Amino acid sequence: MDKIVKGEGRFYIAGDGKDLAEITYRTEENTGNLVIDHTFVSEDLRGQGAGEKLVRAVVDLAREQSVKIVPECPYAAHQFEKHAEYKDVLK
């Protein structure tokens with residue numbers, strides 16, 4: 001799997017000139033918390049853990065910035081239910 005790239009308000013995995021997977025987030029102005037609002041994984045990467053790796057990238061970013069995450073996206077919310085070790089950054 002290709003490496004995860006940090007973009008403006010997103011992390012993504014690119015290949016063949018297109019995004020194969022991405023997760024987007026925005027920063028809440030008043031709190032600095034990260035709101036995950038969208039996750040996409042192409043058919044090419046389905047079942048390979050790409051979505052989980054993207055959620056993990058945002059979790060790592062939140063820890064670096066000492067902020068919380070609001071998982072609005074259903075996929076991200078599911079990952080927070082599945083991974084107890086993310087509770088420290090869950091809003």
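**Close-up views of a predicted model**

View 1. Thr 24 stands opposite His 38 in strand 4. The model shown here and in the following views is predicted. Thr 24 itself belongs to strand 3, which spans residues 18-27. Its relative accessibility is 16%, so Thr 24 counts as buried, the cut-off being under 20%. The side chains of Thr 24 and Asp 37 are joined by a polar contact of 2.6 Å. Beyond the residues up to four places away in sequence, Thr 24 touches Gly 9, Arg 10, Val 35, Ile 36, Asp 37 and His 38. Phe 80 lies 56 residues from Thr 24 along the chain, and the C-alpha atoms of the two are separated by 16 Å.

**View 2. Glu 22 and its polar contact with Arg 10.** Glu 22 is also found in strand 3. With a relative accessibility of 16%, Glu 22 counts as buried. Its side chain forms a polar contact of 2.7 Å with the side chain of Arg 10. Tyr 12 is placed opposite Glu 22. When neighbours within four places in sequence are set aside, the contacts of Glu 22 are Arg 10, Phe 11, Tyr 12, His 38, Thr 39, Phe 40 and Leu 54.

**View 3. The two hairpins that involve strand 3.** Strand 2 (residues 10-15) and strand 3 run antiparallel and are joined by six bridges. Two residues lie between these strands in their hairpin, where Asp 16 adopts a positive phi near 55 degrees. Strand 3 is likewise antiparallel to strand 4, through seven bridges. The hairpin of strand 3 and strand 4 has six residues between the strands, and Gly 32 in this turn has a positive phi of about 80 degrees.

View 4. Five strands make up an open sheet of mixed pairing, in the order 1-2-3-4-5. Strand 1 (5-7) and strand 5 (69-71) are the edge strands; each has a single partner strand, so one side of each is left without a neighbour in the sheet. From one strand to the next, the twist averages 30 degrees.

**View 5. Strand 5 beside strand 4, with helix 2 on the sheet.** Strand 4 (residues 34-41) pairs with strand 5 in the parallel sense, over three bridges. Within this pairing, Ile 36 stands opposite Pro 71 in strand 5. Helix 2 (residues 74-82) packs on the sheet and touches both strand 4 and strand 5. The direction of helix 2 makes about 115 degrees with that of strand 5.

**View 6. The contact of helix 1 with helix 2.** Two packed helices are described by the angle between their axes and the distance between the axes. For helix 1 (residues 50-65) and helix 2, the packing angle is about 80 degrees and the axes are 10 Å apart. The two helices are therefore roughly perpendicular to each other, a term that covers angles of 65 to 115 degrees. On the side of helix 1, the contact involves Gly 51, Glu 52, Val 55 and Val 59. These residues meet Tyr 75, Ala 76, Gln 79, Phe 80 and Lys 82 in helix 2. By residue class, the contact of helix 1 with helix 2 comprises five nonpolar, two polar and two charged residues.

Technical notes
Residues numbered from 1 in each chain as written. Predicted model: local features only at pLDDT ≥ 70, side-chain atom pairs only at ≥ 80, totals over all residues. Heavy atoms only, no water. Helix = DSSP H or I, 4+ residues; strand = E, 2+ residues; numbered from the N terminus. Buried < 20%, exposed > 50% of the residue type's maximum accessible area, 1.4 Å probe, protein only. Contact = heavy atoms within 4.5 Å. Polar contact = N/O pair within 3.5 Å; in protein donor to acceptor, adjacent residues only side chain to side chain. Pairing = 2+ DSSP bridges. Axes fitted to C-alpha atoms, helices over the stretch in contact; angles between N-to-C directions. Parallel < 35°, antiparallel > 145°, perpendicular 65-115°, else oblique. Nonpolar A, V, L, I, M, F, W, Y, C, P; charged D, E, K, R; others polar.
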